[in-house]
Amino acid sequence: MDAIVAMSRRQIEVGSKSFAKAAGLFDPKTRDSVHMLYAWCRHCDDVIDDQVAGFNTGGQIATPDDLEARVHHLREQTIRAYAGDPDEPPFHALYRVAATHQIPQSYPLDLIDGFAMDAAGRSYETIEDTLSYCYHVAGAVGVMMAMVMGAREQAVLQRACDLGIAFQLTNISRDVIADADVGRVYLPSEWLADAGLSADPEQLGAAEHREAVFAVVVRLLDLADLFYESARFGIARLPFRSACAVAAARRIYRAIGADVRARGPAAWDVRPKTSAGQKLAGLGLGLADAAHAVSFGRLRGDPPSRAGLWTPTGLQI
């Protein structure tokens with residue numbers, strides 16, 4: 001194992017235990033590329049949030065100028081990596097993955113644009129605004145991961161994007177109170193108003209508003225379920241081991257949203273997460289899902305329509 005792959009593997013093992021479990025199902029070459037792409041994504045996220053592997057460092061809160069400079073640095077280093085001149089290990093990882101799998105530069109830059117939304121403190125008025133953010137910080141990653149697995153059909157890339165969006169909607173639901181504590185609100189203002197709330201982070205973080213916040217989160221999880229279901233129909237078009245890994249990740253991550261639902265307004269008393277047993281169950285169910293999808297999905301022809309689901313402009317057919 002070379003140094004870049006080893007660094008990337010450490011990143012995923014520390015930064016995302018759920019995804020690390022699922023990634024173990026990939027064939028070795030695909031797994032190395034998945035690890036390297038994850039390492040670059042994790043590095044960029046950490047730079048913006050002043051974290052290490054997704055964990056806070058306890059440093060000073062960055063100013064808007066600091067955040068703008070960080071976004072600029074990430075964008076410049078990403079463009080430099082695509083030009084074949086990376087100078088930091090995570091950007092070496094991106095260079096290798098992009099060159100090996102012919103990933104267009106537009107997708108990693110879309111992710112950087114998502115970080116720019118956070119840096120600018122963007123507000124989200126409509127659910128379409130929230131979904132646009134979800135595409136930039138997660139849907140674009142789903143597309144790149146699908147390309148690493150060999151997918152090129154636009155319809156398959158759409159389903160991969162759907163899974164990334166579902167993951168991010170789950171993240172928002174899990175972290176809504178923690179995000180509010182640092183001044184970030186991703187729930188759409190229109191939905192909050194329907195529940196008698198404003199987009200004021202202090203109001204969302206207040207204990208007396210937990211039931212109203214939970215009602216909005218349930219609505220968001222209902223939407224996430226539609227994207228999870230759509231994503232299921234892209235699994236059949238992947239190589240079998242990749243299908244197993246994606247199906248397992250889908251099961252494991254969806255369980256986080258189920259945990260939020262089950263715990264009700266008390267969901268955020270302790271950060272929702274999947275247990276070791278739930279991860280193991282997700283792996284087993286993911287294998288069954290993949291076997292079913294690959295065995296029977298291809299025999300049914302085209303997958304069901306995505307009519308009504310939000311789609312980023314670049315992936316519309």
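Q: In which helix does Gln 158 lie?
A: This is a predicted model, in which local features need pLDDT of at least 70 and side-chain atom pairs count only at pLDDT 80 or more, whereas totals for chains, interfaces and linings use all residues. Residues are numbered from 1 along each chain as its sequence is written, and side-chain values use heavy atoms, with hydrogens and water left out. Helices are DSSP runs of H or I with at least four residues, and strands are runs of E with at least two, numbered from the N terminus. Gln 158 lies in the helix formed by residues 154–181, namely α8.

Q: Is Gln 158 buried or exposed?
A: A residue counts as buried under 20% relative accessible area, as exposed over 50% and as partly exposed in between, with a 1.4 Å probe and protein chains only. Gln 158 has a relative accessible area of 10%, so Gln 158 is buried.

Q: Which residues does Gln 158 touch, not counting those up to four places away in sequence?
A: Contact means heavy atoms within 4.5 Å. On that basis, the residues touched by Gln 158 are Arg 306, Thr 311, Leu 315, Gln 316 and Ile 317.

Q: Are α8 and α12 roughly parallel or antiparallel to each other?
A: Axes are lines fitted to C-alpha atoms, for helices over the stretch in contact, and angles run from 0 to 180 degrees between N-to-C directions. Angles under 35 degrees count as roughly parallel, over 145 as roughly antiparallel, 65 to 115 as roughly perpendicular and the rest as oblique. The axes of α8 and α12 come within 9 Å and cross at roughly 30°, and the two helices are therefore roughly parallel.

Q: At roughly what angle do the axes of α11 and α12 cross?
A: Helix α11 covers residues 210–232 and helix α12 covers residues 240–263, and their axes come within 10 Å. The two helices are roughly antiparallel to each other. The crossing angle is roughly 160°.

Q: Is Arg 250 buried or exposed?
A: Arg 250 lies in helix α12, where it takes part in the contact with α11 and also in the contact with α8. With a relative accessible area of 4%, Arg 250 is buried.

Q: What distance separates the C-alpha atoms of Arg 250 and Arg 232?
A: Arg 232 belongs to the residues of α11 that make the contact with α12. Arg 250 and Arg 232 are 18 residues apart along the chain, and their C-alpha atoms are separated by 8.3 Å.
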